[in-house]
Amino acid sequence: MKIEFNDANISRYIKIVAIMVVIIGLKVFGDILYAGRSLILPLAFATLISFILSPSIDWFVKKKFPEWLAITIPFVATGVIFFFLGIIVKLNIETFVVEFPKYEARTTIILKEVLSVFDIEIENFKSSPKEWLDDPRVAQYLSEFSLSNLISGLLSSISNTVSNIFIVLLFLLFIIVGRNQLTSKLPIAFDSVNAARIERIFENIKKQIQAYIIAKTLISLVTAIIFIIVLYSFGIQFAIVWGILTFLLNFIPNVGSIIATLLPLSIAVIQYESYGPIIWLGVILFTIQTIMGNFVDPKYIGKSINLSPIVVLFALIFWGWLWGIAGMFLSVPIMVIIKIILENIPELRFISVLMSEQKS
């Protein structure tokens, strides 16, 4: 069969090749992001922290502080905060690991009560599986399940993240020292129109990410403090641990607040033998998260990011799959950056409109 090369065929083949190149490029880019996550993630977190510190640095500069001092004060303050946060997390984790196994007996009793509802004996999980349990690996997993090991593993992963804070601080120092160098070089590297356009993109990214991070940090901090007060009033152990987890998990869209509520509630189920205090605690915690998530968050954060809930959900799934919990934290800021870049490229602006919650 003879293939005729005319303008229509050539144009079609070029489009096919272009699509294949894009797919291959995305695959390679994804592999790079995954393989380099040990360096990319600290850099990403350092960049987000720099957005938080930027207003304070600008304030010191306006007050006629020397540039080096205006940078040093916020940077040292950040290092001190992370240092004490690391100590608090480390001490509470050590206490948690020592104390929590005492609740294993209570966990077993609760598991027996739950299984008795379905007429299942807990010993069945330690013997050969019944007809309703086809996979022996499921029975083995359930027999070896330990709530203390599960929560200890979660806290240990957070502790490992805190232990890498030195790398984050190192990246942060380089970022804030060279924060104005890129924009000052744009008029030299590009013509005036393109330089102004790129500078506008960077400024929009800075403003929207800054507004999101600062607002989310304050809201999460307030939520965590309220949680700690409530948990202390109910006598829940490790209230500070749950408060820290609440602060961190509230940065994860949709599911973070749910997990942050269920974790201390699961400890309450183990601590209390009666269900009255557990129900009241659950009602209070879910009410707090509902108010923060449905009223406070949309008022102070919703307009600043202007992302469709579907986009946020898919971003959470994708970046969580690629980078784990850290990717979930970064999912919203990354999508905001992508949206701002797309809306400043005329040919791709339609994608930005589709990503928006409102018409833009």
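Is serine 50 buried or exposed, and at what relative accessibility? At 10% relative accessibility, serine 50 counts as buried (under 20% relative accessible area, with exposed over 50% and partly exposed in between, for a 1.4 Å probe and protein chains only). The model is predicted, with local features needing pLDDT of at least 70 and side-chain atom pairs pLDDT 80 or more, while totals for chains, interfaces and linings use all residues. Residues are numbered from 1 along each chain as its sequence is written, and side-chain values use heavy atoms, without hydrogens and water.

View A. Leaving aside neighbours within four places in sequence, serine 50 is in contact with Leu172, Ile175 and Ile176 (heavy atoms within 4.5 Å).

**View B. The second largest pocket, with a volume of about 1,000 Å³.** Of the 31 residues that line this pocket, Thr47, Phe51, Phe202, Ile205 and Ile337 are the closest to its centre. The elements giving two or more residues to the lining include helix H1 (7-35), helix H7 (165-177) and helix H9 (192-233), and the largest share, 9 residues, comes from H2.

**View C. The salt bridge between the side chains of aspartate 297 and lysine 216.** The N to O distance is 2.7 Å (the rule asks for a side-chain nitrogen of Lys or Arg within 4 Å of a carboxyl oxygen of Asp or Glu), and the count by this rule comes to 1 salt bridge. Aspartate 297 lies in helix H12 (residues 276-305) and lysine 216 in helix H9, so the pair ties together parts that are 81 residues apart in sequence. Both aspartate 297 and lysine 216 are buried.

How values were computed:
1 Å grid on protein atoms, 1.4 Å probe; cavity = no way out; pocket = protein on both sides within 12 Å on 5 of 7 lines; lining within 4 Å. Points joined across faces, edges and corners; volume = space filled by probe spheres on them. Helix = DSSP H or I, 4+ residues; strand = E, 2+ residues; numbered from the N terminus.
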